[in-house]
Amino acid sequence: MNKLKNWTKRFAMTCLFLLALGATFQSISGVNAKSLIIQFASTITSTETVSGTTQPLLEDAFDWSKYPKHTVTATGYTAGFESTGKRQGHPEYGITYSGVKVKRDLFSTVAADLNVFPIGTILFIPGYGYGVVADKGGAIKGNELDLYYQTVEDVYKHWGKKQVDVYVVENGNGKLTEEQLQALNEDKTLQVFRQQYISSEKR
């Protein structure tokens with residue numbers, strides 16, 4: 001019983017000390033101690049959001065309305081026989097029309113009608129991320145895209161087929177190299193977003 005009383009007294013004294021400290025700080029600095037505590041707490045929360053389980057989304061990070069918008073029908077595809085007619089072991093398996101290997105990353109390879117989106121065009125596709133036009137397809141005509149995924153299961157789980165507004169971040173010049181694609185994916189300013197795309201198929 002005495003221990004409980006002692007702890008209660010200590011707790012009360014600590015609270016009084018902190019209140020007195022806050023009042024003194026406020027009278028000296030003119031800064032509202034309560035607002036400072038709230039600001040500190042919100043900073044901790046936002047830091048935990050970035051480093052914890054909830055990562056910031058590309059959809060919310062930029063003002064995409066600044067970029068030209070196109071409404072397209074986007075379908076998921078793989079490098080496999082079901083999408084390309086090629087099987088593992090084929091010399092062109094997983095190789096796009098541009099010559100780069102298919103990739104699901106922060107900047108993923110996508111296929112388009114090259115008369116609409118030339119090779120090297122960088123698109124932002126809500127729900128998918130950045131797509132770099134690296135491939136074409138015989139069945140892709142007009143405002144259509146094929147978005148690369150590693151497996152058929154990933155296609156059905158994460159995308160399927162959707163009509164979506166995409167944003168043209170940069171027009172392509174008809175060329176794309178592995179070095180350019182790698183440089184895009186290693187852009188230091190965007191690394192905070194990368195994990196959600198390279199691990200999306202593993203979730």
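Author: A nonpolar core is a set of buried Ala, Val, Leu, Ile, Met, Phe, Trp, Tyr and Cys residues joined through side-chain atoms within 4.5 Å. Buried means under 20% relative accessible area, exposed over 50%, and partly exposed in between, with a 1.4 Å probe and protein chains only. The model is predicted, so local features need pLDDT of at least 70 and side-chain atom pairs count only at pLDDT 80 or more, while totals for chains, interfaces and linings use all residues. Residues are numbered from 1 along each chain as its sequence is written, and side-chain values use heavy atoms, with hydrogens and water left out.

Reader: Which residues touch the most other members of the largest nonpolar core?

Author: That core has 38 residues, and Phe117, Ile125, Tyr130, Leu145 and Leu147 touch the most other members. The elements giving two or more residues to the core include strand E1 (69-77), strand E2 (107-112), strand E5 (144-148) and helix H7 (191-198). Helices (H or I, at least four residues) and strands (E, at least two) are DSSP runs, numbered from the N terminus.

Reader: What does Ile125 touch, not counting residues up to four places away in sequence?

Author: Ile125 touches Val110, Gly131, Leu145, Leu147, Trp159, Val164 and Val166. Contact means heavy atoms within 4.5 Å.

Reader: Why does Asp105 count as buried?

Author: Its relative accessibility is 5%, and the limit is under 20%. Asp105 therefore counts as buried. Asp105 is found in the loop between helix H4 (81-84) and E2.

Reader: What makes the link between the side chains of Asp105 and Arg194 a polar contact?

Author: A polar contact is a pair of N or O atoms within 3.5 Å; within protein, one must be able to donate a hydrogen and the other to accept it, and residues adjacent in sequence count only if both atoms are side-chain atoms. The contact between Asp105 and Arg194 is 2.8 Å.

Reader: In what order do the strands of the closed barrel run?

Author: Six strands run E1-E5-E2-E4-E3-E6, with mixed pairing. Two strands pair if DSSP finds at least two bridges between them.

Reader: How do you know that E2 pairs with E4 and with E5?

Author: E2 and E4 have five bridges, in the parallel sense. E2 and E5 have three, in the antiparallel sense.

Reader: What makes E2 mostly covered?

Author: Six of its six residues are buried. Phe107, Thr109 and Ala111 lie on one side, with Ser108, Val110 and Ala112 on the other.

Reader: Why is the pair of Tyr77 and Tyr148 called edge-to-face?

Author: Rings of Phe, Tyr and Trp (its six-membered ring) pair if their centres lie within 6.5 Å; planes under 30 degrees apart count as stacked, over 60 as edge-to-face and the rest as tilted. By this rule the count comes to 10 aromatic pairs. The rings of Tyr77 and Tyr148 have centres 5.9 Å apart and planes at 70 degrees, so the pair is edge-to-face. Tyr77 is in strand E1 and Tyr148 in strand E5, 71 residues apart.

Reader: Are Tyr77 and Tyr148 buried or exposed?

Author: Tyr77 is buried, since its relative accessible area is 7%. Tyr148 is buried as well, at 8%.

Reader: What makes the pair of Tyr128 and Tyr149 edge-to-face?

Author: Their ring centres are 5.4 Å apart and their planes are at 75 degrees, so this pair is edge-to-face.
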